[in-house]
Amino acid sequence: MEDPNAITSVEWNNIHNFLKWFWIYLPIVLTFGLTLLTAHAIIPSLVNTGQLPESTQKLRIPLTGVAVVLFAAGVVILILGINAQLDVKGIYDRLLI
């Protein structure tokens, strides 16, 4: 394996794009997890214990819809991030040292 070459402005831009998609992906995935957890674990549990009224169960459908949209957005952002990572891989072809 050869030593990596000096990084040009185009390669810095590729690194920027990869990191941008990575930092957009992180909050989407965390929000997806919290939304799904709330819709399918927290709300039913609190309704069953009587701490929330039965009408709160109606919130589960919209929260699940939001989770589906976040999942789709996460898939798109992940694909864009993988494509950006392939550009970064041109600088140094080993991901792990």
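**View 1. Thr-56 in the loop between α1 and α2 of the predicted model**. Thr-56 belongs to the loop that lies between helices α1 and α2. The residue is buried, its relative accessible area being 13%; the cut-off for this class is under 20%. Leaving aside residues up to four places away in sequence, Thr-56 touches Ile-43 and Val-47.

**View 2. The whole chain, with two helices and zero strands**. The chain has 97 residues, of which 18% are buried. Its accessible surface is about 7,100 Å², and carbon and sulfur atoms account for 70% of this area. Of the contacts between residues at least 6 apart in sequence, 71% are between residues at least 24 apart.

**View 3. Helix α2, residues 60-88**. The helix contains 29 residues, and its first and last C-alpha atoms are 41 Å apart. This span is close to the 42 Å expected at 1.5 Å a residue. The buried residues of α2 are Ala-67, Leu-70, Gly-74, Ile-77, Gly-81, Ala-84 and Gln-85. An α-helix has 3.6 residues a turn, so residues three or four places apart point the same way. Part of the cover over the buried residues of α2 comes from α1 (9-48).

**View 4. Val-69 of helix α2 and its distance to Ile-28**. Is Val-69 buried or exposed? Val-69, which is located in helix α2, is exposed, with 58% relative accessible area. Its class follows because the cut-off for exposed is over 50%.

View 5. Trp-23 is a residue of helix α1 and is exposed at 54% relative accessible area.

**View 6. The aromatic pairs of the chain**. How many aromatic pairs are there? The count is two. One of them joins Phe-22 and Trp-23 in an edge-to-face arrangement, with 5.1 Å from centre to centre and 75° between the planes. The other pair, Phe-32 with Phe-71, is tilted, with 5.8 Å between the centres and 45° between the planes. Phe-32 is in helix α1 and Phe-71 is in helix α2, so this pair ties together parts of the chain that are 39 residues apart in sequence. Phe-32 is partly exposed, with a relative accessible area of 23%.

**View 7. Thr-8 and Ile-91, two residues 83 places apart along the chain**. Thr-8 is found in the segment before α1. With 42% relative accessibility, Thr-8 is partly exposed. The separation between the C-alpha atoms of Thr-8 and Ile-91 is 9.6 Å.

Methods:
Residues are numbered from 1 along each chain as its sequence is written. This is a predicted model: local features need pLDDT of at least 70, side-chain atom pairs count only at pLDDT 80 or more; totals for chains, interfaces and linings use all residues. Side-chain values use heavy atoms; hydrogens and water are left out. Helices (H or I, at least four residues) and strands (E, at least two) are DSSP runs, numbered from the N terminus. Buried means under 20% relative accessible area, exposed over 50%, partly exposed in between (1.4 Å probe, protein chains only). Contact means heavy atoms within 4.5 Å. Accessible areas come from the Shrake-Rupley method with a 1.4 Å probe; for residues, only the protein chains shown count as cover. The expected span of a helix is 1.5 Å times one less than its number of residues. Rings of Phe, Tyr and Trp (its six-membered ring) pair if their centres lie within 6.5 Å; planes under 30 degrees apart count as stacked, over 60 as edge-to-face and the rest as tilted.
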